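Please keep the sequence and the model open while reading.

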Amino acid sequence: MKLDSAGLQNAITNQLSSSRTQSQPTDDSSKTQMLSGKTRSDTVSLSHAGPTFGESEYIAFEGDVHVLIVERSEKADRMESVLDRLSEAQQNTLIDTDLIQDEGFLALAEELSDEELGQLANGVEGLRTTPQQSGFTAVLSAGKNTDNLISTLTDLNAETRSRVLNEVDRHAAKIPPRDTSETYQPTGQLSQPKGAAPADDLHNFVQTVTHVEDVAKTLDTLAQFSDSQQSDLLHVFGKDAELGGRLAEQLSDRSKITKDTTLSYLSGLAAKADPYLSAMTQAVGSPGEDHYAVPEHDNLSADTLLGMIESSVGMLENYDLSDEQVAQMSTQLKVMDVSDQRAYITITETGLDQLIGADSQHPADMEANAEVMETIDALRSDSTVRDTVFMARMGDPRDVGADEDHRFYEVKQPGTGERDQEALIQVLATDAWVNRNNEDVDLSTRAMHLAENLDELGADARDQRVHDLNRLIQQQVPLVELSDDYLQQDTQDFQARTNALAATQDMEALRDAELSVIPEQRETFWQAAGMAGEEVDQLVELLNKTPAEMGEKMLNFLSEEAEQIQNGEKTDEQGRESVHELINFFESHLETDDRQRYLEGL
């Protein structure tokens with residue numbers, strides 16, 4: 001309702017305290033007062049000239065919950081003029097947010113058409129609704145977004161500004177009216193308002209246009225996507241405008257199903273990204289002190305989730321993946337938990353770089369490199385491989401009781417976990433690549449056994465073994481650029497070890513056997529163990545029970561067999577048969593003299 005003179009006088013009297021001299025002019029910052037009142041659905045936000053107090057005359061603007069009392073001035077007249085161009089609800093919004101008193105807003109409002117001013121007021125009201133996405137309080141706020149929007153609109157040309165306001169109005173229209181009723185917790189504290197998913201798009205759009213360098217170009221980019229796709233894309237833009245722009249660029253020419261599946265997955269990551277968790281998980285123990293956490297401790301941090309988006313966009317930029325390949329990845333990822341997703345993405349990114357090499361200037365056609373994608377898929381599709389890769393970023397566990405579901409693991413220093421993960425994936429990818437043409441090998445099954453056995457060693461021993469293996473396969477170029485003949489020759493020592501590590505079912509015995517062999521025969525040991533295939537455990541058991549001198553003779557014989565295989569003089573099958581015959585003889589002839597004569601006759 002309109003304030004009459006008596007009502008205005010009462011409001012002013014209530015607001016002016018004895019500490020304020022009424023007869024003396026004050027500066028602009030002290031002229032304006034805000035009076036809180038009950039929400040009234042029938043309130044009319046109009047001004048009314050009131051009586052004078054001393055030398056001052058005042059005017060009141062009444063909103064839904066506040067009454068602004070300002071001294072009559074040129075600025076007050078401008079405020080009144082802007083409000084007169086709006087509906088009651090829009091007036092109330094500008095009064096209740098105190099935006100009507102902002103000089104920057106007034107200057108902008110005076111440049112806008114009535115329609116544009118109404119659109120802006122609708123947007124300001126929409127921004128008062130908290131979005132549902134995680135991390136809102138850390139990244140977004142109604143006041144901050146409103147201020148940024150006003151500042152951005154002020155700097156835009158008329159055409160772009162009009163386009164932005166159209167979008168602001170469109171997204172604001174999705175938001176239901178705010179529930180202004182107050183609710184309290186059992187403790188008596190005022191409950192915080194719950195976020196509303198329909199408000200996500202508006203907040204994300206404002207975040208986007210206030211952080212991109214070229215607003216008009218960004219609007220053109222968004223226009224290439226459907227409304228639902230834009231909504232997903234804005235989740236990424238809202239958290240990282242630069243990353244959102246790169247993603248939009250990579251998806252702009254993709255098929256509808258590829259856009260839908262990819263944006264649906266990546267927007268879900270962005271919506272869950274919580275900056276507060278990033279700050280919490282970055283805190284590690286002081287130098288020299290161990291820091292422990294559950295392996296999933298940083299799964300929902302903004303650093304982790306935005307890093308996953310960054311890796312996904314990077315792969316789109318560095319490799320010419322087909323629509324089918326991109327959609328397949330998004331579809332597979334969406335049904336996994338975050339830990340598996342992290343491992344899947346890391347395996348894909350590191351594996352592709354190891355096999356074919358990242359090149360954003362001349363990305364490789366991945367449809368023409370089907371073998372590479374099949375090799376990568378054999379690794380990332382296995383749950384044991386993903387789990388081992390995920391855990392490679394952690395150290396050894398610290399038991400906190402009998403419940404293994406609540407075991408804490410050492411958190412490695414920044415960069416160390418990522419380095420260890422990368423080395424493990426390089427080992428697995430190289431092993432799978434050099435065995436891809438072996439008809440006797442199922443790549444997923446072999447990778448699963450290899451990962452499982454490495455993990456059984458414990459974190460420190462696993463990491464050491466992986467880095468030892470990795471040193472045997474250092475190449476200056478991606479593996480696809482090397483011939484199979486060269487690779488088979490160059491990775492012989494590596495393959496001898498991975499053959500044994502993938503086949504054994506007793507890692508402890510294998511490790512003990514290796515340590516029992518004199519250093520000069522370590523390479524010979526691995527040649528024999530690798531050649532043994534599925535009988536590696538029987539060979540290891542035999543070596544562990546055999547006197548050292550006799551064991552050396554056995555290894556020398558098997559080493560010669562391995563060299564003949566490497567030189568093409570014998571086949572792998574013939575080598576395994578030699579191991580089989582040796583084991584059978586020693587198991588059936590227990591006398592030392594018989595064994596000595598057998599070895600001398602080899």
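Which backbone oxygen does the side chain of T388 reach, and at what distance? The side chain of T388 reaches the backbone oxygen of T384, at 2.9 Å, where a polar contact is a pair of N or O atoms within 3.5 Å; within protein, one atom must be able to donate a hydrogen and the other to accept it, and residues adjacent in sequence count only if both atoms are side-chain atoms.

## Basis of the model

This is a predicted model, in which local features need pLDDT of at least 70 and side-chain atom pairs count only at pLDDT 80 or more, while totals for chains, interfaces and linings use all residues. Residues are numbered from 1 along each chain as its sequence is written, and side-chain values use heavy atoms, with hydrogens and water left out.

## The chain as a whole

The chain contains 31 helices and nine strands, which are DSSP runs numbered from the N terminus (helices are H or I with at least four residues, strands are E with at least two). Of the 602 residues in the chain, 49% are buried; buried means under 20% relative accessible area, exposed means over 50%, and partly exposed lies in between, using a 1.4 Å probe and protein chains only.

The accessible surface of the chain comes to about 28900 Å², and 45% of it belongs to carbon and sulfur atoms; such areas come from the Shrake-Rupley method with a 1.4 Å probe, and for residues only the protein chains shown count as cover. Among the contacts in the chain with a separation of 6 or more, 71% are accounted for by residues 24 or more positions apart, a contact being heavy atoms within 4.5 Å.

## T388 and its surroundings

T388 lies in helix α20, residues 383-391, and counts as buried because its relative accessibility is 3%. Leaving aside its neighbours within four places in sequence, T388 is in contact with L424, A451, E452 and D455.

Helix α16 (residues 302-318) has 17 residues, which at 1.5 Å a residue should span 24 Å, and its end C-alpha atoms are 23 Å apart, which agrees; the expected span is 1.5 Å times one less than the number of residues. Since 13 of the 17 residues of α16 are buried, this helix is largely enclosed by the rest of the structure.

Helix α27 (residues 522-532) is likewise largely enclosed by the rest of the structure, because nine of its 11 residues are buried. The buried residues of α27, among them T524, Q527 and M531, pack against α23, α25 (492-503), α26 (507-516), α28 (536-545), α29 (548-566) and α30 (572-588). Just after α27, G533 takes a positive phi of about 65 degrees. In helix α23 (residues 459-471) is R465, which counts as buried at 15% relative accessibility. Leaving aside its neighbours within four places in sequence, R465 is in contact with L454, L457, L501, E514 and W526.

## Aromatic rings

A search of the whole structure finds two aromatic pairs. In one, the ring centres of F525 and W526 are 5.2 Å apart and the planes are at 70 degrees, so the pair is edge-to-face; rings of Phe, Tyr and Trp (its six-membered ring) pair if their centres lie within 6.5 Å, and planes under 30 degrees apart count as stacked, over 60 as edge-to-face and the rest as tilted. The pair of F585 and F586 is also edge-to-face, at 6.1 Å centre to centre and with 70 degrees between the planes. Both F525 and W526 are buried, and F585 and F586 are buried as well.

Two arginines lie over ring faces: R393 over F390, at 4.8 Å from the ring centre, and R436 over W433, at 3.7 Å from the ring centre. A charge sits over a ring if NZ of Lys or CZ of Arg is within 6 Å of the ring centre and within 35 degrees of the ring normal.

## A loop residue and two spatial pairs

Most residues other than glycine have a negative phi. D98, in the loop between α4 (88-96) and α5 (103-111), has a positive phi near 70 degrees, and D98 is partly exposed, with a relative accessible area of 29%.

T221, found in helix α11 (residues 215-222), is buried, with a relative accessible area of 16%; the C-alpha atoms of T221 and G245, 24 residues apart along the chain, are separated by 8.2 Å. E71, in strand β4 (residues 66-71), is buried, with a relative accessible area of 15%, and E71 and I59, 12 residues apart in sequence, are 6.0 Å apart in space, C-alpha to C-alpha.
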